[in-house]
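Please look at the sequence and the 3D structure together, and keep both in view while reading the paragraphs that follow.

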Amino acid sequence: LFFYIPSFFSQKYPPVKFLSEKDRKRILITGGAGFVGSHLTDKLMMDGHEVTVVDNFFTGRKRNVEHWIGHENFELINHDVVEPLYIEVDQIYHLASPASPPNYMYNPIKTLKTNTIGTLNMLGLAKRVGARLLLASTSEVYGDPEVHPQNEEYWGHVNPIGPRACYDEGKRVAETMCYAYMKQEGVEVRVARIFNTFGSRMHMNDGRVVSNFILQALQGEPLTVYGTGSQTRAFQYVSDLVNGLVLLMNSNISSPVNLGNPEEHTILEFARLIKSLVVSQSQIQFLSEAQDDPQRRRPDIRKARMMLGWEPVVPLEEGLNKTIQYFSRELEHQANNQYIPKPKAARMKKGRPRHN
Ligand code: NAD
Ligand code: UDP
Ligand code: UDP
């Protein structure tokens, strides 16, 4: 018997490695349609695993994973992790949670439910099916830190009733839950304390500093610095983070591990750097400072270096240039999406995929 399979079918998806049944894992990524989750989806799909993305599309978008829809190794479920979920998997990357301050402050009660009830549900699932769970925790567990740089031994300095508490305390409880399920029920857990990350697929309205500054610089608007700009952050490019998450998941380290780039700059330095990379005439505008804004943040990554053999490899300027390219394309895309009547596009040759 001979089946004719037109070549465009096999070319529709990015290339995927073949993995034998023994090495192929069923992997759940909660929040997989978001910024970090969609890049993690790409890596695990290309490595040849079966990936199920669960997302409620609060800040994520179908567009971030659309290139996998229909692939036999891929499934997208529109589901809120605050509700129980019964599926069969080997590993869970638990990323579901709004991550940018404006997003997590938009509905603090929902942020708390997602990080507490949502994490409880994913741990219940991990327990039932014997899966390993990796929690996407955050440098925010260190709060406005009194120790610099922050290592994993530091317990943090968090205001439990401030505007960031829904997220910071939510993630702290999520970590607590992981270790309770590990000790009491034998669930295998991994905890990544992720520091500031940037890259393509950040939402235009994300509101975090890198996307704000790039979009402002590209549009000739003033770059909005909150406070004096003397507060510091250290930024890693998303591909470095994704490599670290996969290494950590497959390691035997159950205690928390920092993943971040230790190159620290003031926010004002970031504003100037982005302005110069974009070659922008934008002004720098100083606005009032954000409440409880951590003043200094830089990861101590000795543990990840020693135990995972991991460290960031993408230089800041290279990552920023890629992200600038991404956002300039997004702005064009947006401009093209305004309802300006245009002549109908010529039909593509039969059998070739259409890209809009
Ligand atoms: P993001 O907002 O792009 O992604 C979060 C995803 O989770 C979105 O797709 C969103 O729709 C989904 N989600 C939110 N609530 C949900 C719910 N109740 N049920 C199902 N899905 C839900 O943010 P991101 O930057 O990709 O962050 C991913 C994870 O990494 C988050 O847990 C975040 O706390 C953590 N993290 C990120 C950073 C960073 O700098 N990007 C730093 C520290 C920690
Ligand atoms: N849970 C889930 N999927 C599963 C198993 C459990 O969503 O496959 C949820 C379940 O609804 C519960 C939570 O996870 O609210 C914690 O589960 P656990 O078994 O630890 O607690 P219990 O059900 O005994 O209260
Ligand atoms: N920030 C800023 N202008 C902006 C957005 C953020 O000056 O338009 C500052 C913010 O006050 C903080 C730093 O940049 O000091 C990083 O903020 P972001 O929201 O990106 O992440 P955070 O690390 O605070 O979670």
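A polar contact is a pair of N or O atoms within 3.5 Å; within protein, one atom must be able to donate a hydrogen and the other to accept it, and residues adjacent in sequence count only if both atoms are side-chain atoms. This is a predicted model, in which local features need pLDDT of at least 70 and side-chain atom pairs count only at pLDDT 80 or more, while totals for chains, interfaces and linings use all residues. Residues are numbered from 1 along each chain as its sequence is written, and side-chain values use heavy atoms, with hydrogens and water left out.

Ligand 3 is surrounded by 17 residues, counted when a heavy atom lies within 4 Å, and Val 209, Thr 224, Tyr 226, Arg 233 and Asp 293 are the closest. A backbone N or O atom of Val 209 lies 2.8 Å from an oxygen atom of ligand 3, whereas Asp 293 brings a polar side-chain atom to 2.6 Å from an oxygen atom of this ligand. Taken alone, ligand 3 exposes 510 Å², of which the protein buries 95% (accessible areas come from the Shrake-Rupley method with a 1.4 Å probe; for residues, only the protein chains shown count as cover).

Elsewhere, helix 2 (residues 35-46) and helix 7 (residues 238-249) pack at an angle of about 65 degrees, with axes 10 Å apart; helices are DSSP runs of H or I with at least four residues, numbered from the N terminus, and axes are lines fitted to C-alpha atoms over the stretch in contact, with angles running from 0 to 180 degrees between N-to-C directions. Contact means heavy atoms within 4.5 Å, and among the residues that meet are Phe 35 and Leu 40 in helix 2 and Leu 241 and Val 246 in helix 7.

How values were computed
Chains are lettered from A and ligands numbered from 1 in the order in which they are written. Helices (H or I, at least four residues) and strands (E, at least two) are DSSP runs, numbered from the N terminus.
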